[in-house]
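Please look over the sequence and the structure below before reading on.

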Amino acid sequence: MNGKAAPSEVRSGSARSRLDRGRGALGPALELVHTGRAPTRSVLTAELGVTRATAGVVAAELEALGLITVEPGAAGGSQGRPSHRLTVAEDGPVVLAAQVHADGYRAALVGLGGRIVATTPGCESVDADPVQVISAVVDAGAELLETSGRRCAGAGLAVPSAVEDPEGLALNPLHLAWPVGAPVRRIFAERIAAAGLDVRAFTGNDVNLAALAEHRHGAGRGAAHLLCVATGHRGVGGALVLDGRLHTGSSGLALEVGHLTVNPEGRPCHCGSRGCLDVEADPLAFLMAAGREPGPEVSLLQQSTDLLRDAYAEPRVRMAAEEMIDRLGLGLAGLVNILNPDRIILGGLHRALLDADPDRLRAVVADRSLWGRSGGVPILACTLDHNSLVGAAELAWQPVLDDPMGVLA
């Protein structure tokens, strides 16, 4: 024995050294692949600021964890070398995502990349007891998991209420008949555990989560200061994503834009005021202004978007749409003055209103906002189906994105 290490031992030690150096890059690397910002290993190398060898080890480790797939690709790396393609693993872990809204609930399994793997049919009734509703949606999700045979990495729930931190109380479930301050985070975590799932459970406001999903996978990609305003089944919500993170305020209650006054002499609002966006620019307000009696057959959101699509040429429907666009534009202009976003995205019925008359909405915002005339803020439609569900999944994926090895190894 001469005391020298064999070449294979040197190579093995070198690989271990690269892995040790790259461990801290596993989370950032996974997030880059998850959000589509690193489609190849050469891009991953550049984004992480590491050597090609270290990036290779990091990618291999994520592949070993079952999170991504590394495949040979066409030439695209430095000096014309083929750059391996990186994609999220089609058969990798999933998270259980759930959403409760005024017209029902839905559960889904969501993989990395924001891809919905499986979903339950939407239920069209909501019990006044949050325990009953959350139990039902968790049971539906657990059945999906059992059928899929996939590993579950976490669980997330979206609710139509501000969710106070750190207790996780639903402080204004105005359209659900739930008690104010319902402990939705605790209930959800308990039901997840009762279903036999040993994973962390998270809960958040539905529009906040829709904004997070759109920022990572949809119309908000690349925005530094993203404002999202949406009306789903009832009411109006807002969210702000700053540098990739939700701005939730000191206790999770920021961006309650539904209670901006846009018509001082308008309809009474649940909050005690009058003429708030919540009651002036939601599906029920549109149906009433258009002279339509809401029916029980489908959700208010579906009824209002169908009416806008099928009967926009009718004078009363068009007038109702224009009135709502003006109210919405007034609210957006005020938010632009306060927040100075670099992009606005609209969801739910607001997305349909934007599609119906984009010039009118943009003109109102430009006319009423301080900065509108000089440059204008891009106003786009949300692009993801079920974006609140995908956002609930983002909450559940976040611990994995922060520490893939620690959570999944």
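Which residue in S11 is the bridge partner of Cys228? It is Ala239. The model is a predicted one, in which local features need pLDDT of at least 70 and side-chain atom pairs count only at pLDDT 80 or more, while totals for chains, interfaces and linings use all residues. Residues are numbered from 1 along each chain as its sequence is written, and side-chain values use heavy atoms, with hydrogens and water left out.

Cys228 and Ala239 are bridge partners in the pairing of strand S10 (residues 225–231) with strand S11 (residues 237–242), which is antiparallel and has six bridges. Strands (E, at least two residues) and helices (H or I, at least four) are DSSP runs numbered from the N terminus, and two strands pair if DSSP finds at least two bridges between them. S10 and S11 belong to an open sheet of five strands in the order S12-S11-S10-S13-S14, with mixed pairing. S12 and strand S14 (379–381) are the edge strands; each has a single partner, so one side of each lacks a neighbour in the sheet. Helix H11 (residues 315–339) packs on this sheet and touches S10, S11 and strand S13 (343–348). Contact here means heavy atoms within 4.5 Å. The direction of H11 makes about 155° with that of S10; axes are lines fitted to C-alpha atoms, for helices over the stretch in contact, and angles run from 0 to 180 degrees between N-to-C directions.

Another open sheet has five strands in the order S5-S4-S3-S6-S9, again with mixed pairing. Its edges are strand S5 (116–119) and strand S9 (201–205), each with a single partner strand, so one side of each is left without a neighbour in the sheet. From one strand to the next, the twist averages 25°.

The hairpin from S3 to S4 passes through two residues. S4 (residues 104–110) also runs antiparallel to S5, with three bridges, and Val110 has Ile116 of S5 as its bridge partner. The hairpin of S4 and S5 has five residues between the strands, and Gly113 there takes a positive phi near 80°.

Why is S4 described as largely enclosed by the rest of the structure? Six of its seven residues are buried, that is, under 20% relative accessible area with a 1.4 Å probe and protein chains only, where exposed means over 50% and partly exposed lies in between. Helix H5 (residues 130–148) packs on the sheet and touches strand S3 (94–101), S4, S5 and strand S6 (152–159), with its direction at about 30° to that of S4. Helix H6 (residues 184–194) lies across S6 and S9 and runs at about 145° to S9.

S9 also gives two or more residues to the lining of the second largest pocket, as do helix H7 (206–217), strand S12 (245–246) and helix H14 (387–402). H14 gives the most, with five residues. Of the 22 lining residues, the closest to the pocket centre are Thr203, Leu209, Leu246, Thr248 and Leu395.

Glu293 sits in the loop between helix H9 (283–289) and helix H10 (300–311). Glu293 is exposed, with a relative accessible area of 72%.

Note on methods: On a 1 Å grid over the protein atoms alone, a cavity is a set of points where a 1.4 Å probe fits but cannot get out, and a pocket is an open set with protein on both sides within 12 Å along at least five of seven lines; lining residues have an atom within 4 Å of a point.
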